[in-house]
Amino acid sequence: MISIDKALLRQLLLIDRPWEVREYRFDARKRRCDVWVAPEVERGWFGRERKPALPAQTCSWRHLSMGSIHCHLHVALVQGQEHPGLEWLGEPGMPFTRALSQRVFAMFNQGVSLPSVCALMDLSLQDVWRYRYAIDSGKPSGVAEAPMPAPVLATPRAPWADEPGHPNVPDLTDPVWLRLLNADLGLDIKVLSLKLMLTRVRSQLELINDEEVRLLKLRELHRYFVKNERVLTHELAQLRQG
């Protein structure tokens, strides 16, 4: 077991007052550091607590790694209190802190597969799958709202601002994708995998209120058409007619 200064550990994790590191356990062999965090307790003379701490529930999340060391945070949270903006906290029922969720979500946005996310970020498949299943089921993604606006039907663009190398696939921001996702645009679909994908995504969107996750679904649909452009000529011809 290796000793670490608690104040230094708090600085490395960007944990500010009124929070403090109560305890930690570092295992160099397993490349794992568990850190217990809780609100500071008011103390009087001789270190005695001035008032008892409010009852709290401990929530655990995987946090960003410190080099090759896996970091797991166990945070004492008072029920009913919210702490927006603290990236070392996570959402209830999610496996990752907000900071780590942002990294994983960014990879999903780039079309990185679950096994590749696990390999690149040294995460367990079980945790990544649990995170993906949670956001697909309507739970908050833990990701801050993106600075770029979502595509809006009322803001038309040139309809075929195409991706380089894919002249028949409309740009991601084209309103036709939202129309297709919302079933406002009916297609005669011949490719079974597209039928299955649209059914799955539309059923997920009924549960999803998180705008970032809805944009993720739109990107997945667009990416599907890019990858399968050659077999979707019949469907793309209908999209061109809008």
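Strands are DSSP runs of at least two E residues, and helices are runs of at least four H or I residues, numbered from the N terminus. The model shown in these views is predicted.

**View 1. Arg 31 in the loop between β1 and β2.** Arg 31 sits in the loop that joins β1 to β2 (32-39). Its phi is near 55°. That is a positive value in a residue other than glycine. Arg 31 is partly exposed, with a relative accessible area of 34%.

**View 2. Asp 122 in the loop between α3 and α4.** The loop holding Asp 122 runs between α3 (114-121) and α4 (125-136). Phi of Asp 122 is near 55°, again positive in a residue other than glycine. The relative accessible area of Asp 122 is 34%, so the residue counts as partly exposed, because that class lies between the 20% and 50% cut-offs.

**View 3. The cis peptide bond from Arg 17 to Pro 18.** The bond from Arg 17 to Pro 18 is cis. Its omega is near 15°. Pro 18 belongs to the loop between α1 (6-12) and β1 (19-27).

View 4. Helix α7 covers residues 211-227, 17 residues in total. From first C-alpha to last, α7 reaches 24 Å. This is close to the 24 Å expected at 1.5 Å a residue. The helix is mostly covered, with 14 of its 17 residues buried. Asp 210 caps the N-terminal end of α7. A side-chain oxygen of Asp 210 lies 2.9 Å from the backbone nitrogen of Glu 212.

How values were computed. Residues are numbered from 1 along each chain as its sequence is written. This is a predicted model: local features need pLDDT of at least 70, side-chain atom pairs count only at pLDDT 80 or more; totals for chains, interfaces and linings use all residues. Side-chain values use heavy atoms; hydrogens and water are left out. The expected span of a helix is 1.5 Å times one less than its number of residues. Buried means under 20% relative accessible area, exposed over 50%, partly exposed in between (1.4 Å probe, protein chains only). A polar contact is a pair of N or O atoms within 3.5 Å; within protein, one must be able to donate a hydrogen and the other to accept it, and residues adjacent in sequence count only if both atoms are side-chain atoms.
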